[in-house]
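I kept a notebook beside me while I looked through this model. Here are my entries, in the order in which I wrote them.

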Amino acid sequence: MYMDKKKTNSKKPKTKLKKLTTNQLKALEKHKEHHTTKHINKMKLLMREGKSFRQSHAIAINMVGK
């Protein structure tokens with residue numbers, strides 16, 4: 001007997017993103033002199049998800065590079 005498999009959505013559930021603080025924005029302004037736009041955008045996303053500046057920087061380096 002043939003049974004259809006139900007499709008499951010394996011993506012993470014979307015979490016509510018926080019706004020960046022003024023200190024975070026200032027730090028990113030200084031930081032973007034040495035890094036690409038792709039790196040900065042990844043960091044912004046990670047920080048809005050709740051990661052710290054250092055955590056998001058390390059993840060962004062591994063994912064998109066400098």
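**Entry 1: ground rules.** I am working with a predicted model, where local features need pLDDT of at least 70, side-chain atom pairs count only at pLDDT 80 or more, and totals for chains, interfaces and linings use all residues. I number residues from 1 along each chain as its sequence is written, and side-chain values use heavy atoms, with hydrogens and water left out.

**Entry 2: the whole chain.** I looked up the secondary structure and found 3 helices and 0 strands. Helices are DSSP runs of H or I of at least four residues, strands are runs of E of at least two, and both are numbered from the N terminus. Along the sequence, I read the pattern α-α-α. Of the 66 residues, 17% count as buried. My cut-offs are under 20% relative accessible area for buried, over 50% for exposed, and in between for partly exposed, with a 1.4 Å probe and protein chains only. I also looked at contacts between residues at least 6 apart in sequence: 40% of them join residues at least 24 apart. A contact means heavy atoms within 4.5 Å.

**Entry 3: helix α2.** I picked α2, residues 37–48, and compared its span with the expected one. Its 12 residues reach 16 Å from first C-alpha to last, close to the 16 Å expected at 1.5 Å a residue. The expected span is 1.5 Å times one less than the number of residues.

Which residues of α2 are buried? I found H39, I40, M43, L46 and M47. They lie on the same side of α2, because they cover an arc of only 125° around the axis. That arc is taken from the directions from the helix axis to the C-beta atoms. A reminder to myself: an α-helix has 3.6 residues a turn, so residues three or four places apart point the same way.

On the face turned away from the buried side of α2, I found the exposed residues T37 and K38. What covers the buried residues includes α1 (22–31) and α3 (53–64). Just after α2, G50 takes a positive phi of about 120°.

**Entry 4: α2 against α3.** I looked up how these two helices pack: the angle is about 135° and the axes are 9 Å apart. Axes are lines fitted to C-alpha atoms, for helices over the stretch in contact, and angles run from 0 to 180 degrees between N-to-C directions. The pair is therefore oblique. Under 35 degrees would be roughly parallel, over 145 roughly antiparallel, and 65 to 115 roughly perpendicular, with the rest oblique. Among the residues in this contact are K42 and M43 of α2, and S56 and A60 of α3.

**Entry 5: α3 and S56.** The 12 residues of α3 should span 16 Å, and the end C-alpha atoms are 16 Å apart, which agrees. G65 follows α3 with a positive phi near 90°. Within α3 I stopped at S56. Is S56 buried or exposed? S56 counts as buried, because its relative accessibility is 0%. Leaving aside neighbours within four places in sequence, S56 is in contact with M43, L46, M47 and K51.

Entry 6: E29 sits in α1 and counts as partly exposed, at 47% relative accessibility. From E29 to I40 I noted 11 residues in sequence and 9.3 Å in space, C-alpha to C-alpha. Q24 is also found in α1. Q24 and F53 are 29 residues apart in sequence and 7.5 Å apart in space, C-alpha to C-alpha. Beyond neighbours within four places in sequence, Q24 is in contact with K19 and M47.
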